[in-house]
Amino acid sequence: MEQRPRIVVGVSGSLGSLAAVHRAVAEARRLGGEVLALHAWEPPSGEFGHRRSPCPPLLSAVRELAETTLVEAMTEAFGGADPGVPVTARTVRGRTAPALLAAADRPGDLLVLGPSGSWLHRGLRGSVPRACLRRAGCPVLVVPRPELATTLDELTGHLFAARALDTELRGLLAVSRGA
């Protein structure tokens with residue numbers, strides 16, 4: 001019995017991952033396949049830190065947060081509407097790239113990813129798309145960063161600069177009043 005094509009997609013809740021979910025559904029529709037949406041999570045201090053100092057209540061809270069993040073992301077992606085293809089959403093405990101690669105293990109799978117996270121995230125954890133492109137045993141599709149995300153980043157940068165300027169001007173005014 002032939003399996004239907006499976007599209008595995010990483011879901012973090014970011015605008016980029018929501019774009020990847022939409023692309024995964026479009027590919028599933030085109031191929032007559034199904035979608036497996038994964039959100040990977042780890043204990044806050046990583047597995048090593050958790051083994052050294054286990055904290056079951058914290059682990060439970062992080063697991064619940066991961067489940068909530070996935071449900072909210074999928075709701076945001078489709079607004080409660082039926083995507084028109086079978087979609088399974090699952091949280092997985094583990095680092096993101098290895099979890100996605102382990103899930104996309106069938107010969108006919110397609111792995112769909114959003115763009116890399118922020119420079120800080122990439123610096124701390126590495127680029128998930130880059131790691132998956134290097135090690136995947138199936139095709140990998142990296143969806144470009146949505147234009148809205150780029151615009152929001154620019155606005156945030158302008159807001160940060162305006163706040164810094166405001167703080168500097170307030171300091172100068174305080175000095176001039178005190179002199």
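Is Ser-17 counted as buried or exposed, and at what relative accessibility? At 4% relative accessibility, Ser-17 counts as buried. Buried means under 20% relative accessible area, exposed over 50%, and partly exposed in between, with a 1.4 Å probe and protein chains only. The model is predicted: local features need pLDDT of at least 70, side-chain atom pairs count only at pLDDT 80 or more, and totals for chains, interfaces and linings use all residues. Residues are numbered from 1 along each chain as its sequence is written, and side-chain values use heavy atoms, with hydrogens and water left out.

Ser-17 lies in helix H1. Helices (H or I, at least four residues) and strands (E, at least two) are DSSP runs, numbered from the N terminus. Ser-17 touches Gly-10, Val-11 and Ser-12, residues up to four places away in sequence not being counted. Contact here means heavy atoms within 4.5 Å.

The strands form an open sheet. Its 5 strands run in the order E3-E2-E1-E4-E5, with parallel pairing. Strand E3 (87-93) and strand E5 (140-142) are the edges, and each pairs on one side only. Two strands pair if DSSP finds at least two bridges between them. On average, neighbouring strands of this sheet are turned by 25° against each other, direction ignored. Strand E1 (residues 6-10) pairs with strand E2 (residues 34-41) in the parallel sense, over 5 bridges. Arg-6 stands opposite Glu-34 in E2.

Pro-5 lies in the segment before E1. Pro-5 is partly exposed, with a relative accessible area of 27%. Its contacts are Leu-31, Gly-32, Gly-33 and Glu-34, again not counting residues up to four places away in sequence. Pro-107 is 102 residues from Pro-5 along the chain, yet their C-alpha atoms are separated by 9.3 Å.

Helix H1 (residues 15-31) lies across E1, E2, E3, strand E4 (110-113) and E5. H1 runs at about 175° to E1. Axes are lines fitted to C-alpha atoms, for helices over the stretch in contact, and angles run from 0 to 180 degrees between N-to-C directions.

H1 also packs on helix H3 (residues 56-78). The angle between H1 and H3 is about 65°, and their axes are 10 Å apart. H1 passes H3 in a right-handed crossing. A crossing is right-handed if the near helix is turned clockwise from the far one by less than a right angle, and left-handed if anticlockwise. Leu-18, Val-21, His-22 and Val-25 of H1 make the contact with Ala-73, Met-74, Glu-76, Ala-77 and Phe-78 of H3. By class, this contact has 7 nonpolar, 1 polar and 1 charged residues. Ala, Val, Leu, Ile, Met, Phe, Trp, Tyr, Cys and Pro count as nonpolar, Asp, Glu, Lys and Arg as charged, and the others, Gly among them, as polar.

A further helix pair involves H4. Helix H4 (residues 96-103) packs with helix H6 (residues 128-135) at an angle of about 40°, their axes 9 Å apart. H4 and H6 are therefore oblique to each other. Angles under 35 degrees count as roughly parallel, over 145 as roughly antiparallel, 65 to 115 as roughly perpendicular, and the rest as oblique. The crossing of H4 past H6 is right-handed. Thr-96, Ala-97, Leu-100 and Leu-101 in H4 meet Val-128, Ala-131, Cys-132 and Arg-135 in H6. The contact has 6 nonpolar, 1 polar and 1 charged residues. The buried residues of H4 are Ala-97, Ala-99, Leu-100, Leu-101 and Ala-103. Their cover includes E1, E2, E3, E4 and H6.
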